[in-house]
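This briefing goes through one structure by topic: a helix pair, a loop residue, the nonpolar cores, the chain contact and the domains.

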Amino acid sequence: MTGAPIRRLLVANRGEIAARILRTAKAQGIECAIVRHAAEDGGLAPQLADAVVPIEGATPVAAYLDVAQIVQAARRWGADAVHPGYGFLSESPALARALDEAGIRFVGPPPAVTELMGDKVSARRFVAEHGFPVAPSAIEADDPGSFTQRALAVGLPILIKPAAGGGGKGMRIVRSAEVLDAELAAARREGERYFGDGRLFVERYVERPRHIEVQVLGDQHGSVVHFGERECSVQRRFQKIIEETPSPALDAGTRARICEVAVGIARAAGYVGAGTVELILGADGEFYFLEMNTRLQVEHPVTECVTGFDLVAEQLRVAAGEPLGYSQADIGFQGHAIELRLCAEDPAQGFMPATGSLQVLREPAGPGVRVDSGVVEGQRVGSDFDSLLAKLIFHGRSRGQALARARQALADTACLGVATNLDYLDRILAHAQFAAGDYSTAFLDEQAAELGDAGETHSTALLLAAAALSDGHMVAAAADMPRLYAQMGAWRN
Amino acid sequence: MKKIFRLGESEHRCSLRQDADGLVLDTEDGPLRCALQPLGAARYCVSAGEEQAEALIARHDDRIWIRLRGRTHVIEAVDPLDAAAAGGHDGAAEAPMPGTVISVLVEPGAEVTAGQDLVVMESMKLEVTIRAPHDGRIAAVHCAPGDQVPLKFTLVTFEAAP
């Protein structure tokens, strides 16, 4: 069965991912619209879209989470498909169902799969039942009354996770029994707020783990392939900031086994579309299923760099009912790719989100350099949305070449008017352990002192001169000052 | 005209004057002949004493953002009179980031101990709990759930210690 091609696509997202989807869809001759809340002040995506459909909500985020409104927007504009991007409603079976009822295609897997994988507890159970590896755990819903005891019985340290979670929200590591109750309460609050579901589960926390994930793609005709792994262990607050492929941690044998497990899970779930199987790799080489993300992943561009595939184009083909048309053997891997997430946050203040105005924005360019940006110079950066501004992606024949390109490109990048992690990213790349590929998800915490800004500068005189001479009042006052008085020196009055 | 420039942890008192040869910046380490030549699109050639380099510069109110030699610097310009007038911020809990107040956990008159949770805030999907900086009695609460507050907004004030 091959459905009709997609002709009018509504992108139900914002920021860099909306821009990235729009570029591929438009290149295929698809007419594109984007939804937008008024708080979205400028940005690149609305400029790229053929039409903008306004949406409203009690908060800006609520508007993007409003299924009825997204369906209404798609209907009103005459979309025959909706691409949800990542985050927001991308893993919502409710949106997929509502669109289906409206005769509009959802660019993503069928709701049954999203439902199965969206509930982290049922996903783990499903994966374990099919003989794939999962970590020891305790699930609150099994018997809420004994949850605390069962959580402790898993053995400290443990990791608390919302059953409906994802993206690191509400996750907490607990190393001592005294703080367990308080951490459970905080995780529950976050789960309720972000996912509308406060149920939790805990998992044995693997010390110094690596976070490895595998990109999979299935069509509506039963074919499932993988596009290799991504190494995503450079994280702060359980959120990735640097991803690369191939993983420096995997030998050929482990890589083959991990990719085989990922494809096996996707196949067992009847997976359709692009998805990602996330796994935890211990220092001993053992790996466990973590979760499956039933959507396009933020870090998908590194996979695109080394495979040459456009994953959004593949998503659109699958949604239109086309068969993949290639097999696993047709997917080759070339070179190495690294992605850096440029975020509006202040590493010196515990990665606190920062707001401001992008007064100066210089994005890098050059061979092997790709920028997936969602912002334009002059744009206001508010606190309504995620802090991701742009993704800087570097491809080389080797890891060394990709890294060298990244470092040169960062030197050519600038972002002024809002605090960002730009300089912090460069310090990570310069770190000997990162350069050697020897790091775990604990890397940023363990190396916090070395990665912190020493604050030293050899440019103090230049900086003070720049500050004073760009101050119109100071310059004007200096020019107006009677010459004799000035010659006395300003500090002598 | 004097200004204090805050650069990281350090403060630099500076003033600018003009002589027959151009502009001179008087710093605590002595005078520096300096110049700033615009090259277009926020790019400048800046010189100070013997040093010279290209930089990107952006100003917003009293903050000067400078990208120089592959590093980003933020300088805060303070009028020396304002600096003298501003009191310490002991006796208050401030917003560590701009964002939305989620919940307020104390009322005026409440006795709190150092580290006790006062206010929960959220920004860009990150939840942060603001805790009491010291023991004391709450004098006033300046925020309510749903409020959008800027960075360093005073959320809660304490009564002066007896």
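In this predicted model, helix α5 (residues 93-101) of chain A packs against helix α6 (residues 111-118) of chain A at an angle of about 170°, and their axes are 8 Å apart. Angles over 145 degrees count as roughly antiparallel, and α5(A) and α6(A) are therefore roughly antiparallel to each other.

**Helix pair α5(A) and α6(A)**
- On the α5(A) side, the contact is made by A:P93, A:A96 and A:R97.
- On the α6(A) side, A:P111, A:T114, A:E115 and A:G118 make the contact.
- Sorted by class, the contact of α5(A) with α6(A) has 3 nonpolar, 2 polar and 2 charged residues.

**Loop residue A:G145**
- A:G145 lies in the loop between β6 (137-139) and α8 (147-153) of chain A.
- A residue is exposed if 12 or fewer other C-beta atoms lie within 10 Å of its own; A:G145 has 8 C-beta neighbours inside 10 Å and therefore counts as exposed.
- A:G145 and A:S327 are 182 residues apart along the chain, and their C-alpha atoms are separated by 49 Å.

**Nonpolar cores**
- The largest nonpolar core has 172 residues, and of these A:A465 and A:A466 touch the most other members.
- Helix α18 (residues 460-469) of chain A contributes the largest share of this core, with 9 residues.
- Apart from its neighbours within four places in sequence, A:A466 is in contact with residues of chain B, namely B:L36, B:Y44, B:V46, B:A55, B:I57 and B:I66.
- There is also a second, separate core of 14 residues, and among them are A:I158, A:I160, A:A164 and A:A187.

**Contact between chains A and B**
- In the contact between the two chains, 46 residues of chain A meet 55 residues of chain B.
- The elements of chain A that each supply at least two residues to the side touching chain B include the strands β17 (352-353), β19 (360-362) and β23 (414-416).
- The helices α14 (422-430), α18, α19 (472-480) and α20 (483-487) of chain A likewise each supply at least two residues to that side.
- α18(A) gives the most to the side of chain A that touches chain B, with 10 residues.
- By class, the residues on this side of chain A are 26 nonpolar, 14 polar and 6 charged.

**Domains of chain A**
- The domain assignment divides chain A into domain 1 (8-107), domain 2 (136-204), domain 3 (210-451) and domain 4 (460-492).
- Taken over C-alpha atoms, the centres of domain 2 and domain 3 of chain A are separated by 27 Å.

How values were computed
Residues are numbered from 1 along each chain as its sequence is written. Chains are lettered from A and ligands numbered from 1 in the order in which they are written. This is a predicted model: local features need pLDDT of at least 70, side-chain atom pairs count only at pLDDT 80 or more; totals for chains, interfaces and linings use all residues. Axes are lines fitted to C-alpha atoms, for helices over the stretch in contact, and angles run from 0 to 180 degrees between N-to-C directions. Helices (H or I, at least four residues) and strands (E, at least two) are DSSP runs, numbered from the N terminus. Angles under 35 degrees count as roughly parallel, over 145 as roughly antiparallel, 65 to 115 as roughly perpendicular and the rest as oblique. Two residues are in contact if their C-beta atoms, placed from the backbone, lie within 7 Å. Ala, Val, Leu, Ile, Met, Phe, Trp, Tyr, Cys and Pro count as nonpolar, Asp, Glu, Lys and Arg as charged, and the others, Gly among them, as polar. A residue is buried if 20 or more other C-beta atoms lie within 10 Å of its own, exposed if 12 or fewer, and partly exposed in between; C-beta atoms are placed from the backbone. A nonpolar core is a set of buried Ala, Val, Leu, Ile, Met, Phe, Trp, Tyr and Cys residues joined through C-beta atoms within 7 Å. Domain bounds come from an automatic or database domain assignment.
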